[in-house]
Amino acid sequence: MAKRVKSENKLLLRALRGETLPHPPIWLMRQAGRYLPEYMKTRGQANGFLDLCYTPDLAVEVTLQPIRRYGFDASILFSDILVVPHALGQKVWFEEGMGPKLEALKSEADLESLGLDGFHEHLAPVYETVGRLRQELPAETALIGFAGAPWTVASYMLEGGSSKDFGTAKTWAYGRPELFERVIELLVDATSSYLIRQIEAGAEVVQLFDSWAGVWPEKDLRRWCLEPCQKIIANIKAVYPDIPVILFPRGVGLAYPDFARESGAQGLGLDTTVPLDWARDHLQSQVTLQGNLDPIKLVAGGDALERAVADIREALAGGPFIFNLGHGIVPQTPPEHVEQLMKLVRA
């Protein structure tokens, strides 16, 4: 068990308890990554991307780099959502310039070859990274653990990588719903256990990323996204009732109120398409909101960034709020624009 540091005054945790603060805490999705020259130098020491995730010395270093440079209010574990299917026994690799690749599930037999035997042993380096980060982070910086939500991870497992239409995964859901349900149930169990272990190691907050939730019609969205996330959050709360959970159901539009009301999460991540006034009026009384700057405005910088930050703060500063992007930071982001962002948010 990691040594605990008193966290009552950490801004991120105060916001997630529902406090309205003079200026919002700020962290950025993918804040450790390819836009930073120091990250690229460290990544060059690893034998591929997964090796970077599974080598605590390197994973700790790249997690700490944006904290040293910018002083974010929270640090998120450096890892990847696909370590979960990898730990379940699926072949996963990363091709430079091509992104993640998986040996796609094609049959019931492929699914039956996966399981939780050896799952935590495989992920032991991740838990070591979390524990070391809790010790090495500044006392005021909250530590976020994370995982991919079941639907988003399942899509990679069935498509064999990224997809534009999710045709294979959705065909399983529509044509073989009982089998697809088994994939989702396995991921609910694995993800719940994974996040609980991250909390045991020292994570003070956990975030669920459902990056591809927005591809579903309403009823299917509920079955394959909202309900599995509800189960994971309930499983976490049964063990750690005081640990806040942030849910990022990207692209769900008018279903955001359902996720705010029913998921059990304390924080709700907004994508870039969500109107700020609507979010304030329909969501902020129920959960702490997180978001939702367009990552490309961070690339542009200057007046466009200044206006966007002012608009977000004006709309959401009257309630519990965490400043973030509406999706992950992109590699072409100038590091000095992140510095500009920090000054604007903390002005």
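**Stop 1: one turn of a helix**

Select helix α14, residues 276-282, and show arginine 280 and aspartate 277: they sit three residues apart, so about one helical turn separates them. This is a predicted model, so read each stop as part of a prediction. The side chains of arginine 280 and aspartate 277 meet in a salt bridge, 3.2 Å from N to O. Colour by accessibility next. Arginine 280 is partly exposed, at 34% relative accessible area. Aspartate 277 is partly exposed too, at 44%.

**Stop 2: from α2 to α4**

Now select glutamate 38 and arginine 69. Their side chains form a salt bridge, with an N to O distance of 2.9 Å. Glutamate 38 belongs to helix α2 (residues 37-43) and arginine 69 to helix α4 (residues 56-70), so this pair ties together parts 31 residues apart in sequence. How exposed is glutamate 38? Its relative accessible area is 22%, which makes glutamate 38 partly exposed. Arginine 69 is also partly exposed, at 35% relative accessibility.

**Stop 3: from α8 back to α4**

Stay with helix α4 and pick aspartate 57. Arginine 132 is partly exposed, at 26% relative accessibility.

Together, Asp57, Glu128, Arg132 and Glu136 make up a network of salt bridges. How many salt bridges are there in total? The count comes to 21.

**Stop 4: two positive phi angles**

Leave the side chains and look at the backbone. Select arginine 30, in the loop between α1 (11-16) and α2. Arginine 30 is not a glycine, yet its phi is positive, about 60°. This residue is exposed, with a relative accessible area of 52%.

Next, go to phenylalanine 166, in the loop between α9 (150-159) and α10 (167-175). Its phi is near 55°, again a positive value in a residue other than glycine. Is phenylalanine 166 buried or exposed? Phenylalanine 166 is buried, at 5% relative accessibility.

**Stop 5: a cis peptide bond**

Finish at strand β8, residues 288-293, which holds asparagine 292. Show the backbone from glycine 291 to asparagine 292. The peptide bond between them is cis, with omega near -25°.

Notes: Residues numbered from 1 in each chain as written. Predicted model: local features only at pLDDT ≥ 70, side-chain atom pairs only at ≥ 80, totals over all residues. Heavy atoms only, no water. Salt bridge = Lys/Arg side-chain N within 4 Å of Asp/Glu carboxyl O. Helix = DSSP H or I, 4+ residues; strand = E, 2+ residues; numbered from the N terminus. Buried < 20%, exposed > 50% of the residue type's maximum accessible area, 1.4 Å probe, protein only.
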